[in-house]
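Good morning, colleagues. I would ask you to keep the sequence and the structure in view while I speak.

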Amino acid sequence: MGYRHSKDEILEGAISFALAEGLSRMTFGSLARHLGISDRIIVYYFPSKSDLINEVMGQVGLRVQTTLQSVIKTAATDHKEFVGAVWPALAQRKNDPMFALFFEASGLAVAGVEPYRSMAPALVRAWIDWAEQSIDGPPAFRKTQASAAIATLDGLLLMRQLAGAEVANRAAKGIMSPNTRSSRRGK
C-alpha cells in the first residue's frame, strides 16, 4: 500500500497554499495539484470546502494568538494599552500574509460568499473573546475594551495591507500617543 497523507499534512499544505495563492484560488483540484496528491484524499479528510476553509482559518487564527501570547506579559488596563502591547508583534512583514488571508475572507464575507459569510462573525467574536482575557477590569468593561482593541487593530492591519507599513505605523503612533494638540499650541 502506498504512502497515505495525514489530515495534518494536508491542512498544513492548505495553509501554505492559501498564504501563497489566496483563499479564492483554493479548490480541491488546485490544492491537490499543489500537494501532488489526488483530490479524493483531500475530500476524505475535508468533505466540503467549508470544512477545509474553516480549519485553515482556525489554524491561522491560532498562529496569530501564539505570536501574541509571547508579548502579553500582564493584563492591559484598556484597549490602547492592549494595542500598544501587541501592535509591534503584529506589524511585521512575516505576518502580512496571514492578515491578507483574513482580509480576503472578510471581503468575501461582506460580498455574501459562503462559507466566509457564515464563518466571519465567529472569527471576529473569537478574536474579541481572546483579547478580553488580556484586559483587566469587570466583564462588561473588558468586553467593550476588547472590542475597541480589535476594531483598532483590524483598522491598522487593513491600513498596513493597503497603504503600507509606514502609514499604518504612523497611525498606530497617533492612536497610542496622548493628545498633544494643546502642547503644539504652546499651552
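Before I turn to the helices, a word on their labels: helices are DSSP runs of H or I with at least four residues, numbered from the N terminus. Please also bear in mind that this is a predicted model.

I begin with the largest pocket. Its volume is about 290 Å³. Which helices supply at least two residues each to its lining? They are α4 (49-69), α6 (96-110) and α7 (116-132). The largest share, seven residues, comes from α4. The lining consists of 14 residues, and those nearest the centre of the pocket are Met-57, Gly-61, Phe-102, Leu-123 and Trp-127. By class, 10 of the lining residues are nonpolar, three are polar and one is charged.

Phe-82 belongs to helix α5 (residues 79-90) and Trp-130 to helix α7, so the pair ties together parts that are 48 residues apart in sequence. Are these two residues buried or exposed? Both Phe-82 and Trp-130 are buried.

Trp-130 also pairs with Trp-127, and this pair is stacked, with 5.9 Å from centre to centre and 10° between the planes. Trp-127 and Trp-130 are three residues apart in helix α7, and about one helical turn therefore separates them. Trp-127, which we met among the residues nearest the centre of the pocket, is likewise buried. Together, Phe-82, Trp-127 and Trp-130 form one aromatic cluster.

Phe-82 leads us to the largest nonpolar core, which has 53 residues. The residues with the most contacts inside this core are Leu-23, Met-26, Val-56, Leu-68, Phe-82 and Trp-87. At least two core residues are supplied by each of α1 (7-21), α2 (28-35), α4, α5, α6, α7, α8 (139-163) and α9 (165-176). Which helix gives the most to this core? It is α6, with eight residues.

As for Trp-87, if residues up to four places away in sequence are not counted, Trp-87 touches Leu-153, Leu-156, Leu-157, Arg-160, Ala-168, Asn-169, Ala-172 and Met-176.

I close with a detail of the backbone. Glu-114 and Pro-115 are joined by a cis peptide bond, with omega about 10°. Pro-115 is located in the loop between α6 and α7, two helices that also contribute to the lining of the largest pocket.

Notes:
Residues are numbered from 1 along each chain as its sequence is written. This is a predicted model: local features need pLDDT of at least 70, side-chain atom pairs count only at pLDDT 80 or more; totals for chains, interfaces and linings use all residues. Side-chain values use heavy atoms; hydrogens and water are left out. On a 1 Å grid over the protein atoms alone, a cavity is a set of points where a 1.4 Å probe fits but cannot get out, and a pocket is an open set with protein on both sides within 12 Å along at least five of seven lines; lining residues have an atom within 4 Å of a point. Grid points are joined across faces, edges and corners, and a volume is the space filled by probe spheres set on the points. Ala, Val, Leu, Ile, Met, Phe, Trp, Tyr, Cys and Pro count as nonpolar, Asp, Glu, Lys and Arg as charged, and the others, Gly among them, as polar. Buried means under 20% relative accessible area, exposed over 50%, partly exposed in between (1.4 Å probe, protein chains only). Rings of Phe, Tyr and Trp (its six-membered ring) pair if their centres lie within 6.5 Å; planes under 30 degrees apart count as stacked, over 60 as edge-to-face and the rest as tilted. A nonpolar core is a set of buried Ala, Val, Leu, Ile, Met, Phe, Trp, Tyr and Cys residues joined through side-chain atoms within 4.5 Å. Contact means heavy atoms within 4.5 Å.
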